[in-house]
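Take a moment with the sequence and the model below. Then follow the text from one residue out to the whole chain.

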Amino acid sequence: MLPDSLQQPLHAQIEWVGRIHRKDLAAGRGEVWLSDALERKYANAAREFGWQYLFPASRLAVDPRSGFERRHHLDESAVQRAVKEAVRELGIDKPAVCHSLRHSFATHLLENGYDIRTIWSCLAMRT
């Protein structure tokens with residue numbers, strides 16, 4: 001489902017996040033918050049690269065639940081601002097917000113022959 005044109009930028013993003021994570025680990029941080037159940041089941045997962053956010057925040061913040069300084073995910077308001085700015089810069093006159101991308105994705109799946117039940121279950125799996 002990922003267009004070929006996005007594969008290289010995605011790999012570059014993963015490499016960039018890896019560099020940030022290694023830097024955070026070297027500074028004694030580099031841990032993401034996990035639920036108590038996951039923390040018990042996977043004791044070292046919070047520090048492992050595979051559990052890090054693909055789009056991390058640029059700054060560290062104190063986790064109010066634990067008091068630890070951690071790098072959280074990019075806040076959704078930053079994504080919303082970026083989409084709003086992109087829509088404005090592109091001169092798109094129709095209303096377009098992050099949720100519009102969800103509808104567009106579903107429409108493209110329908111146009112490409114995906115079953116509506118499959119699309120619904122895919123879109124319902126958001127966290």
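Leucine 25 is partly exposed, because its relative accessible area is 27%. The cut-offs are these: buried means under 20% relative accessible area, exposed means over 50%, and partly exposed lies in between, with a 1.4 Å probe and protein chains only. This is a predicted model, in which local features need pLDDT of at least 70, side-chain atom pairs count only at pLDDT 80 or more, and totals for chains, interfaces and linings use all residues. Residues are numbered from 1 along each chain as its sequence is written, and side-chain values use heavy atoms, with hydrogens and water left out.

Where does leucine 25 sit? Its place is in helix α1, which covers residues 4–26. Helices here are DSSP runs of H or I with at least four residues; strands are runs of E with at least two; both are numbered from the N terminus. Now look at what leucine 25 touches. Set aside its neighbours within four places in sequence, and leucine 25 is in contact with Gly30 and Arg47. Contact means heavy atoms within 4.5 Å. Glutamate 48 is 23 residues from leucine 25 in sequence, and their C-alpha atoms are 9.7 Å apart in space.

Next, the strands. Strand β1 spans residues 56–62 and strand β2 spans residues 69–73. The two run antiparallel and are joined by 4 bridges. Strands pair if DSSP finds at least two bridges between them. Leucine 60 stands opposite arginine 71 in β2. Alanine 61 stands opposite arginine 70, also in β2. The hairpin of β1 and β2 has 6 residues between the strands. There, glycine 67 takes a positive phi near 85°.

Now step back to the whole protein chain. How many helices and strands does the protein chain have? The count is 5 helices and 2 strands. From the N terminus, their order is α-α-β-β-α-α-α. The C-alpha atoms fill a box of roughly 45 × 35 × 30 Å along the principal axes. The radius of gyration, taken over C-alpha atoms, is 18 Å for the protein chain, while a compact globule of 127 residues would have one near 14 Å. That globule rule is 2.2 Å times the number of residues to the power 0.38.

Of the 127 residues, 19% count as buried. Among contacts with a separation of 6 or more, 34% come from residues 24 or more positions apart.
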